[in-house]
Amino acid sequence: MNRILSFVFASATTIGLAFNASASDFITLASTTSTENSGLFSSTLPQFTAATGIQVRVVAVGTGQAFEIARRGDADSLLVHDTSGEQRFIENGFASERVDVMYNDFVLIGPADDPANVSAANSAADAFAAIADARAPFASRGDDSGTNRAELSLWKDAGVELDGDWYRELGSGMGPTLNTAAAMDAYVMSDRATWVAFKNRQNLTLLFEGDEVLFNQYGSLLLSEEKHPYLKHDLAKQWHNWLISEAGQQAIANFKVNEQQLFFPNAK
Amino acid sequence: MENNNALYVALSLVLNLDATLYQIVILSLQVSLLAVLVAAVIGFPLGAAVALWRFPGRGGAIIALNAMMGLPPVVAGLTVYILLSRAGPLGEWGLLFTPSAMVIAQVVLVLPILAALSRQKVDELLGEYQEQFISLNMSRSRMMPTLLWDARFALLTILLAGFGRASAEVGAVMMVGGNIEGVTRVMTTAIVLETSKGDLPLALGLGIVLLTLVMLVNAGAYVVGELTKRRMG
Amino acid sequence: MTSLNVPMMDAALIAPLPSLHFDDVAFSHQGELLLGPCSFTLGGVGPTLVMGPNGAGKSLMLRLAHGLISPTQGSVSWSCGERPRQAMVFQQPVLLRRSALANLTHALAVNNTPRKARMPLAREALARFGLAARADTPARVLSGGEQQRLALARAWALSPSVLFLDEPTSALDPAATKAVEAAVQEFHQRGTRIVMTTHDLHQARRLAGDVLFLSGGKVREHTSAESFFNGPASKEAQAFMAGELIE
């Protein structure tokens, strides 16, 4: 009995130690699934860690949830793609500074036979209007993410009322939404990074791209020292500055999937 | 050469001793085993206490325990998230997005299972032993360790049920762990991630590895149980 | 083990046995009177054999005496004031899911026997009841006779002043029954008050010092074994004896 107990304590202690062993200098970064899923972080973070000794722990969630995590003070840094939301975040006092880091773009994906003839559209607005006219199934993330917010404003630009069963709000992340769209042969708007890295395409193909309104700007935010004094502001600042430094911008530009550059650095 | 067969992916993951996979597997086991251990240390005496003592609201407590067995993991995760968040009451501990947070969330999930099922078993055993216990002039608190020890084989099975729930759930650990690569990524959150990348064979392959792992733990517990049963009756 | 012929009166010489008083004791369950009201004293040296037909309330009386249940009326008390050390052996022995030895050490631990004394006491008790070779056997795979002997060994290890036995041999074969009876005698000689129920008239003849006869929840007769078996005074006991003998 005593032997069992001491074994239990010994293993509990071992497990406890194992958890603590990884606690070096690190920051927690709240960011979006598009950056994580595409592999951008796996490619760039090691370079930052090598340069500064700071580990970056990425919690990849939808933009809405990323804001919420940062608002509650559960992350040290924030990298998202919803410029107007980011500005509001600063106005509300949760962040002190925002900089442009990079952009990627949204692309319109759909079934290869393209029933709405989206591939012939001249602009994103035309393409969205064509889908609505054909009442072709469209899979929307419907999760208040940056992509979702961008998509909604594009429908607005195209003058489309979102009613009818052709428009399907899934309430999921980008990946699950692509999976569902593939299963029901629906049109879907995706960020290019997730699309290029996505493997379960089935009948889906890229149908429309290149309109400037589809550009998707990423910004890095420095969180408020007044609201959350205990955050690792010094380390977070190093990360923030590295992203917009020459080294950081180069690391972003160098990241490629299938020979294709997915993020375009544009820090000023 | 590309092969999309999930079983093939699972096999090659294991055979290549993929370092990332190894680390994820170890963390999954650490988190779930520690959670089950902590839940057992609290849950078994709790279950036995509810079986042993009569107190006002006991019926309600039993119903609550039984109902909590069906607690949705996301609800457990959300609750722990709000508690551990910097803006929450336990925010100072700084545990959110750490393995400790995942252990806490899984303890919340597993504890009701261990407590409710052990209460049932101890109740049953108490019915059989009660007269002998009173004859031996045992206090209720003295009965507890005797009952728990004599229920040990049933408790082992209950422990496995708890481990099954802990290692299979994803909602809670995803929410409080954040699925951070190398820090809080476990088997289930990795499966969700690969699914969202559309890499279904890899996701399924990881699923097979997880299932195998759970089966190994179960087989180990079964063998240990059978051996001691044979030795101790 | 000692033979059956050893004179039983030796017991009284060792120490005075605590006597048990039932004072207007009754027990009812859900409004139904199951036992009593009855008053009697178990003094003398015993062993006391509690007899009576099925449903007479023998087991209930034993449980009230041992304190497993509380009377709904009246009181159970002991001559020594406080509750004496006592043990009970049930018809179906209740054994823990552990080895025979561990069953004994557990009882000793519960009894606050010092840790170092437990093992030798347990082994001594096992040996006394012929179970030395079965020490490490799981208690619940022992034969019925062995299980009952283990229950007796457990009681022995606790060295009680009073031992209650509830139909301890009703599920046993003749050889096992003989062993249990020998054990009862041994307890008796050690100076333990024995209170035992049985429906077996021959067993009662072999063991009894005095007889408490119950039927219909009432004490009909309490007398020495000699006078009871020579001719019971109560109608109920007469009828019982006649019925038993016909069988």
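How many of the ten residues of helix α9 in chain B are buried? Eight are, so this helix (residues 187-196) is mostly covered, given that buried means under 20% relative accessible area. This is a predicted model. Chain B touches both chain A and chain C, and salt bridges occur at both contacts.

**Helix α9 of chain B**
- The buried residues of α9(B) include Met187(B), Thr188(B), Thr189(B), Ala190(B) and Ile191(B).
- Leu193(B), Glu194(B) and Ser196(B) are buried in α9(B) too.
- After α9(B) comes Gly198(B), which has a positive phi near 80°.

**Chain B as a whole**
- Chain B has ten helices and zero strands.
- Read from the N terminus, its elements run α-α-α-α-α-α-α-α-α-α.
- The C-alpha trace of chain B spans about 75 × 50 × 25 Å along its principal axes.
- Chain B has 233 residues, and 49% of them count as buried.
- Consider the contacts in chain B with a separation of 6 or more: 73% of them come from residues 24 or more positions apart.

**What UniProt lists for chain B**
- An unreviewed UniProt entry places "domain: ABC transmembrane type-1" at residues 25-221 of chain B.
- In the model, that span is 79% helix and 0% strand, and its end C-alpha atoms lie 18 Å apart.
- The unreviewed entry also lists "transmembrane region" for several spans of chain B, among them residues 7-25 and 96-117.
- Residues 7-25 of chain B are 84% helix and 0% strand, with end C-alpha atoms 17 Å apart.
- Residues 96-117 of chain B are 86% helix and 0% strand, with end C-alpha atoms 30 Å apart.

**A nonpolar patch on chain B**
- Leu11(B), Val14(B) and Leu15(B) make a nonpolar surface patch of about 300 Å².
- Val14(B) sits in helix α1 (residues 6-15) of chain B.
- Val14(B) has a relative accessible area of 43%, so it counts as partly exposed.

**Where chains A and B meet**
- About 2300 Å² is buried between chain A and chain B, 62% of it on carbon and sulfur atoms.
- Two salt bridges are counted between chain A and chain B.
- A salt bridge joins Arg185(B) to Glu36(A), with the closest N and O atoms 2.7 Å apart.

**Where chains B and C meet**
- This contact takes 19 residues from chain B and 24 residues from chain C.
- Chain B and chain C bury about 1800 Å², with 51% from carbon and sulfur atoms.
- Four salt bridges are found across the interface of chain B and chain C.
- In a salt bridge between Glu131(B) and Arg63(C), the N to O distance is 2.5 Å.
- Chain A and chain C have no contact; their closest C-alpha atoms lie 13 Å apart.

**Salt bridges within chains**
- Side chains of opposite charge can pair when their charged atoms come close.
- The whole structure has 25 salt bridges over all chains.
- In chain A, Arg149(A) and Asp82(A) form a salt bridge, with the closest N and O atoms 2.2 Å apart.
- Arg149(A) lies in helix α7 and Asp82(A) in the loop between β3 and α5, so the pair ties together parts 67 residues apart in sequence.
- Asp82(A) is buried at 9% relative accessibility, while Arg149(A) is partly exposed at 24%.
- In chain B, Lys121(B) and Glu124(B) form a salt bridge at 3.3 Å, N to O.
- These two residues are three apart in helix α5 (residues 99-135) of chain B, so about one helical turn separates Lys121(B) from Glu124(B).
- Lys121(B) is partly exposed at 23% relative accessibility, whereas Glu124(B) is exposed at 55%.
- In chain C, Glu186(C) and Arg128(C) form a salt bridge, with the closest N and O atoms 2.3 Å apart.
- That pair links distant parts of the chain: Glu186(C) is in helix α6 and Arg128(C) in helix α4, 58 residues apart.

Conventions: Residues are numbered from 1 along each chain as its sequence is written. Chains are lettered from A and ligands numbered from 1 in the order in which they are written. This is a predicted model: local features need pLDDT of at least 70, side-chain atom pairs count only at pLDDT 80 or more; totals for chains, interfaces and linings use all residues. Side-chain values use heavy atoms; hydrogens and water are left out. Patches are made of residues with over 30% relative accessible area and no salt bridge: like charges are joined within 9 Å, nonpolar side chains (Val, Leu, Ile, Met, Phe, Trp, Tyr) within 5 Å. Accessible areas come from the Shrake-Rupley method with a 1.4 Å probe; for residues, only the protein chains shown count as cover. A salt bridge is a side-chain nitrogen of Lys or Arg within 4 Å of a carboxyl oxygen of Asp or Glu. Helices (H or I, at least four residues) and strands (E, at least two) are DSSP runs, numbered from the N terminus. Buried means under 20% relative accessible area, exposed over 50%, partly exposed in between (1.4 Å probe, protein chains only). Contact means heavy atoms within 4.5 Å. Buried area is the accessible area (1.4 Å probe) that two parts lose on being put together, summed over both. UniProt positions are given in the numbering used here, feature names are shortened, and annotations may be inferred rather than shown by experiment.
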